[in-house]
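This report looks at helix packing, a surface patch and a charged pair. Please keep the sequence and the 3D view open while reading.

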Amino acid sequence: MADVNMKTDSAGVQGAEASGGPQNAQSKLLEAGKAEKIALNTHAALNTAAMPVRQYLEATVVPILMQGLGQVVRERPSDPVEYLAAYLLKHNPQQQQAAAASQAPKAS
């Protein structure tokens with residue numbers, strides 16, 4: 001049997017710590033967090049794929065589209081379609097999430 005010590009961290013959560021010490025436990029927690037994010041993203045992708053068309057559009061496109069259309073109404077540009085396209089590209093929530101993820105400090 002492996003030597004496993006149960007320790008309570010500062011948040012009061014008990015965790016199994018193998019003989020590798022706190023660094024090993026911390027790296028396992030980070031890996032578990034990454035795996036959870038991947039699973040949630042996969043689950044969300046599956047949910048959106050299974051949605052009816054209207055529900056999918058209301059959940060993914062309509063919110064940013066309405067914000068963009070509101071901006072078009074306020075600004076009244078000479079080329080509203082191009083303005084809206086640029087707005088949507090600039091304010092794409094998926095691009096913002098990807099940029100935030102790539103800027104997050106990586107644990108070593």
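At what angle do helix α2 and helix α3 pack, and how far apart are their axes? The model behind the answer is predicted.

## Helix packing

Two packed helices are described by the angle between their axes and the distance between the axes. Helix α2 covers residues 53-60, and helix α3 covers residues 62-75. They pack at an angle of about 55°. Their axes lie 4 Å apart. α2 and α3 are therefore oblique to each other.

From α2, the contact draws on L57, E58, A59 and T60. From α3, V62, P63 and I64 take part. By class, this contact of α2 with α3 has 5 nonpolar, 1 polar and 1 charged residues.

## Nonpolar surface patch

A nonpolar patch lies on the surface, formed by V53, Y56, L57, V61, V62, M66 and L69. Together these residues have about 590 Å² of accessible area. α2 and α3 are the elements that give two or more residues to the patch. L69, one of the patch residues, is found in helix α3.

## Salt bridge

Side chains of opposite charge can pair when their charged atoms come close. The count here is 1 salt bridge. R54 and E58 meet through their side chains, at 3.0 Å from N to O. Both sit in helix α2, 4 residues apart, so about one helical turn separates R54 and E58. E58 also belongs to the contact of α2 with α3.

Definitions and conventions: Residues numbered from 1 in each chain as written. Predicted model: local features only at pLDDT ≥ 70, side-chain atom pairs only at ≥ 80, totals over all residues. Heavy atoms only, no water. Axes fitted to C-alpha atoms, helices over the stretch in contact; angles between N-to-C directions. Parallel < 35°, antiparallel > 145°, perpendicular 65-115°, else oblique. Contact = heavy atoms within 4.5 Å. Nonpolar A, V, L, I, M, F, W, Y, C, P; charged D, E, K, R; others polar. Patch = residues over 30% accessible without salt bridge, like charges linked within 9 Å, V, L, I, M, F, W, Y side chains within 5 Å. Areas by Shrake-Rupley, 256 points an atom, 1.4 Å probe, with all protein chains shown as cover. Salt bridge = Lys/Arg side-chain N within 4 Å of Asp/Glu carboxyl O.
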